[in-house]
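Please look over the sequence and the structure shown here before reading on. The paragraphs below then lead through a few of its parts.

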Amino acid sequence: MNFLAHIYLSGNNEMVTIGNFIADSIKGKQYLDYPKEVQIGILLHREIDTFTDAHPIVRQSSKRLHSKYSHYSGVIVDILYDHFLAKNWSDYSAVPLKQFTANFYQIMEENFDWLPANTQRMLPFMKAEDWLLNYAQIEGIQNVLNGMNRRTNYKSGMHQATNELRQFYFDFESEFTHFFAELINFSKTKLPEIESKIS
């Protein structure tokens, strides 16, 4: 899953949210260098990624893209799924998305010193362009895919994936909806398990 889903699945604990957000930058046992609640977020992120990558619905979405985008198809699906989460946000949260994202950016700024260097560099751009809110629009997803394509030195062709998003929009949305319901339940079960191991 991409940023918005990981943040949402962290619950209401700010430190868990930080851990879940920065987890991709924390390798191996480096998570032990962080406070326990941040560790919980990092480990939750890893569990979510493992569950997601192995899930048959996600693989079905990815298969639709694989012939054109090869091993980048999973990354694209993560981004497309965040679009559907943002678009249908009111189905999942009573807090408006604009308020949710503003709260998130404030938490990150208040805990800036805990963020890895690459996340510190990214955060000002993320906030200024409000990536999380703009995921709700296809144009926002286009901007994300453009950036991802640049980071692969224009080899991935990911900037073209909004074509498939439009072509198979209702298929992707249906797959997201069914998968995310399972992922929410998984995360709610996994979080207390991780907390009991860390404490």
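**A pair of helices and a core**

Helices α5 and α9 are roughly antiparallel to each other, a term used for angles over 145 degrees, where helices are DSSP runs of H or I with at least four residues, numbered from the N terminus. The model is predicted, so that local features need pLDDT of at least 70 and side-chain atom pairs count only at pLDDT 80 or more, while totals for chains, interfaces and linings use all residues. Residues are numbered from 1 along each chain as its sequence is written, and side-chain values use heavy atoms, with hydrogens and water left out.

Helix α5 (residues 73-87) packs against helix α9 (residues 138-151) at an angle of about 155°, and their axes lie 10 Å apart, the axes being lines fitted to C-alpha atoms over the stretch in contact, with angles from 0 to 180 degrees between N-to-C directions. Val75, Ile76, Ile79, Leu80 and His83 of α5 meet Ile138, Ile141, Val144, Leu145 and Met148 of α9, contact meaning heavy atoms within 4.5 Å.

The largest nonpolar core has 64 residues, of which Leu4, Leu85 and Phe180 touch the most other members; such a core is a set of buried Ala, Val, Leu, Ile, Met, Phe, Trp, Tyr and Cys residues joined through side-chain atoms within 4.5 Å. Helix α11 (residues 169-198) gives the most to this core, namely 11 residues.

Threonine 119 belongs to helix α7 (residues 117-128). With a relative accessible area of 4%, threonine 119 is buried, that is, under 20% relative accessible area with a 1.4 Å probe and protein chains only. Apart from neighbours within four places in sequence, threonine 119 is in contact with Phe21, Ile22 and Ser25.

Notes
Buried < 20%, exposed > 50% of the residue type's maximum accessible area, 1.4 Å probe, protein only. Helix = DSSP H or I, 4+ residues; strand = E, 2+ residues; numbered from the N terminus. Parallel < 35°, antiparallel > 145°, perpendicular 65-115°, else oblique.
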